[in-house]
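Subject: Structure for you to look at

Hello,

Here is the structure I said I would pass on. Please open it first, and then read the notes below with it on your screen.

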Amino acid sequence: MVERTTLRVGGPARWLIETQAEGDIPAALQFARAQDCPWFAMGGGSNLLVSDTGFAGVVIRLAHSGIIDLGGGRLAVAAGEPWDRLVAWSVERSLAGIECLSGIPGTVGATPVQNVGAYGQEVAQTIEQVRAWDTVAAQWVELGAGECGFSYRASRFNQQDRGRFLISQVIFQLRPDGSPTLVYPELADRKPATLAEARAAVIEIRRGKAMLLEAGRAESRSAGSFFKNPTVAPDLIATIMAAAGSAPPTYPATGGLRKISAAWLLERSGFNKGYRPPTGGAGISSHHVLALVNYGGATAAEVMALAESMQAAVEQRFGVRLEIEPVRLGFEPSAADGDLCG
Ligand code: EPU
């Protein structure tokens, strides 16, 4: 899977099936069943850490693509469409709502799963419907946004119904001739007047933080933010302030809670930009503490060892457990890892 993930680590999959049309999804599942193997659905591999031993099953890569303009700012987009190509396409046509999500790697079908968000927008704000294969009911379903259970970096697809649905198409409702969303201070400060200017500004900001995956840049071998920003109760923030001697950047969250910057917590727990453990190829980006980077030849075990040392340091200093953001594949032995499969 080294070639299929942006982190560029991980062992092989026993089988890889790439969909070319929606109908390939149930067919691929049938193949996995016939082999008595587990399956795993992936998009662009930009939020994925595969173990060094790989995955003893069928990886179904959702690769069918295409944008259908339904009029009035509604777009039906196939799961395998590269996300940033959709953003560029929409911005060119003055369709607003996803311009702040410029420069994010991965595919459209993966965006509802973790409710991709950045610079003041989340896909949940513009998704009207998700069309997916329901592996429990063995049928196609169309789920309205209200049925997707969206919250910060979460949805029913990565929470209670993880592994149940394979997303084939997403319908977005964008705002025709809309203006850019300028709620994130770092973006608003640049005063972009048009969607195109907002897109350009976001790309520039992301490039500055090495969060733009560009071929040839060592720091692009990452999976974006490796940790989520933790959501905590206000009294814990007071404790953190007392321990650190200054206030962490916080953002509103639901239920009276606050999100705090995981990067800030890490920097005050001894992990700084550019940190490299004494051995191995994994390290921290020199531009953003949340991005773990494969500086060359890193193994999944090295990435995980670094991540775990970072979690332990923050937990010890502030009593907060950082949650890993990328999906991990092949780390837990599954029933089919033995001689059942294949
Ligand atoms: N900060 C540090 N050290 C750093 C970087 C940031 O202390 O190395 C502190 C700064 O005080 C800064 C604050 O953290 O003001 C916030 O930093 P930033 O604006 O970069 O945002 P973030 O909370 O670290 C989140 C998302 C990113 C998204 C940006 C912009 C998560 C886990 N990450 O990062 O998403 O691009 O906001 O909206 O929510 C991703 O999920 O893969 C991702 C890149």
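In these notes, a residue counts as near a molecule or strand if one of its heavy atoms lies within 4 Å of it. The model is predicted, so to speak of its local features we need pLDDT of at least 70, and side-chain atom pairs count only at pLDDT 80 or more, while totals for chains, interfaces and linings use all residues. Residues are numbered from 1 along each chain as its sequence is written, and side-chain values use heavy atoms, with hydrogens and water left out.

The ligand

Which residues are closest to the ligand? They are Tyr119, Tyr152, Tyr184, Asn229 and His288, out of 25 residues that surround it. By type, the shell around the ligand holds 12 nonpolar, 5 polar and 8 charged residues. Here Ala, Val, Leu, Ile, Met, Phe, Trp, Tyr, Cys and Pro are nonpolar, Asp, Glu, Lys and Arg are charged, and the others, Gly among them, are polar.

Next come some polar contacts (pairs of N or O atoms within 3.5 Å; within protein, one must be able to donate a hydrogen and the other to accept it, and residues adjacent in sequence count only if both atoms are side-chain atoms). Tyr119 places a backbone N or O atom 2.6 Å from an oxygen atom of the ligand. For Ser225, a backbone N or O atom is 2.8 Å from a ligand oxygen atom. Arg153 uses a polar side-chain atom instead, 2.8 Å from an oxygen atom of the ligand.

On its own the ligand exposes 820 Å², and the protein buries 82% of that. These areas come from the Shrake-Rupley method with a 1.4 Å probe; for residues, only the protein chains shown count as cover.

Strand S14 (222-225) and helix H6 (262-267) are the elements that give two or more residues to the shell around the ligand. H6 gives the most, with 3 residues. Helices (H or I, at least four residues) and strands (E, at least two) are DSSP runs, numbered from the N terminus.

Why does the ligand lie between domain 2 (67-208) and domain 3 (227-324)? Both domains give residues to the shell around the ligand, so the ligand lies between them. The domain bounds come from an automatic or database domain assignment.

The sheets

Two strands pair if DSSP finds at least two bridges between them. Strands of a sheet pair through backbone hydrogen bonds, either parallel or antiparallel.

S2 and S4 (residues 55-61) are joined in parallel over 4 bridges, and Met42 has Arg61 in S4 as its bridge partner.

Another open sheet of 3 strands runs S14-S19-S18 and is antiparallel. Its edge strands are S14 and S18 (282-284). S14 is joined to S19 (residues 291-294) by 2 bridges, and the bridge partner of Ser225 in S19 is Ala291.

Finally, S10 (residues 127-134) and S11 (residues 139-144) pair antiparallel over 6 bridges. Val130 stands opposite Leu143 in S11. The hairpin of S10 and S11 has 4 residues between the strands, and Ala138 takes a positive phi near 55 degrees there.

Regards
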